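I opened my notebook to look up two things here. First came the pocket, then the ligand.

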Amino acid sequence: MKNDWGDIRKNVLGLAGFFALVAGALLAGGCAGERAETAGNIRVGVTCYDESDTFISELLDCFREELAEEAEGRAEIAVAVRDAAGSQRVQDDQVAELIEEGCRILLVNLVDRADPSEIIDLARESDVPIIFFNREPVAEDMLQWDRLYYVGADARQSGVMQGELAADVILSDPAIDRNRDGRIQYVVLEGEPGHQDAIIRTESAVDTLKSSGIELEKLSWRNANWNRAQAQNRMAQMIGQYRTQIELVLANNDDMALGAVDAYGKTNYTEANIPVFFGIDGTEVGLEAVIEGTLRATVYNDKEGQAEAMAKLVLALATGQGMDELEFEKEQYIYLPYYKVTRENAEEFQAKGADS
Ligand code: BGC
């Protein structure tokens, strides 16, 4: 679908399919294909891999807010957000359209993180810099051009923190080893294959648990593509197979941890037969679940920090000012740290979300 920039007037922040207007000012008319000329009028194009992903939709909301804040008094910015709905081909077409419509900066949440070449070629031909976010291109692709950036977080750190949180809980509560065999029987719910946050989170969480002196027995694992409903279904299969043997569920994100909780909700198991669950993200529902105690802990994937870095980078690229305030690694990467979340501090993270 091709949007006309004139439609900006009919759309407001947060509507689907759409142009969101930030910094309180309308872009002057203009039809598709026309390029914004002044440094003050900036069109920014965003395409995400799947807008129904809980973390991505929360991150995008933060980005809109952060961009409005950063732009205030400095530039008039209009943002077009497209949803690739899981198709790399659709995303490639969206990038071509966004460039044609005059976007001067692109933010790309790749569908297939190993396949950005077409997007990079299109952007380079028009000299439109790209900020990749959340789904990290492989290092060789980032070297294709010096106007490519990445904003995200270090997958290993989130896995280590999940492992440390789980180790704290297990070491402080012997009842978690319900069959008292000196080992923790566990299962894993893994994110999309090929995503930097899937395998690395699992491996580092498990390694951390082991190096804390905890004996583990892996019963099984399933891929649930970050998705709550899929995780419920996969967890139900594992419960069918292992009944009450599962003592620990490690999930690569909160949505899948909650899907696992949902699956137990459909059984008639009592508290005494339900494992402990750990997620990653600290989404709205994730934090709520930590406060209620359904998830024992999670790891905060700092969407406010990531959105702020993305917004600052947009402004720096658009205005040529402020690049030196950004903390790059290897000149192209900005990684925000993760944080551990337990019942004790979950409300602080809820407040962080509410403040941004
Ligand atoms: C998040 C997941 C999300 C994925 C999307 C990960 O960093 O933890 O919740 O589904 O990114 O790419």
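I looked up the largest pocket and found 17 lining residues, with Glu271, Ile274, Pro275, Val276 and Arg296 nearest its centre. A pocket here is an open set of points on a 1 Å grid over the protein atoms alone where a 1.4 Å probe fits, with protein on both sides within 12 Å along at least five of seven lines; lining residues have an atom within 4 Å of a point. Two elements give two or more residues to this lining: α8 (254-265) and β10 (276-278). Helices (H or I, at least four residues) and strands (E, at least two) are DSSP runs numbered from the N terminus.

The model is predicted: local features need pLDDT of at least 70, side-chain atom pairs count only at pLDDT 80 or more, and totals for chains, interfaces and linings use all residues. Residues are numbered from 1 along each chain as its sequence is written, and side-chain values use heavy atoms, without hydrogens and water.

I went back to the pocket lining. Its largest share, three residues, comes from α8.

Next, the ligand. Which residues surround it? I noted several, among them Tyr49, Phe55, His195, Trp226 and Asp281. Near means a heavy atom within 4 Å.

I then checked polar contacts, pairs of N or O atoms within 3.5 Å. An N or O atom in the Asp197 side chain is 2.6 Å from a ligand oxygen. For Arg201, a polar side-chain atom lies 2.9 Å from a ligand oxygen. For Asn301, the distance is 3.4 Å, again from a polar side-chain atom to a ligand oxygen.

Note on methods:
A polar contact is a pair of N or O atoms within 3.5 Å; within protein, one must be able to donate a hydrogen and the other to accept it, and residues adjacent in sequence count only if both atoms are side-chain atoms.
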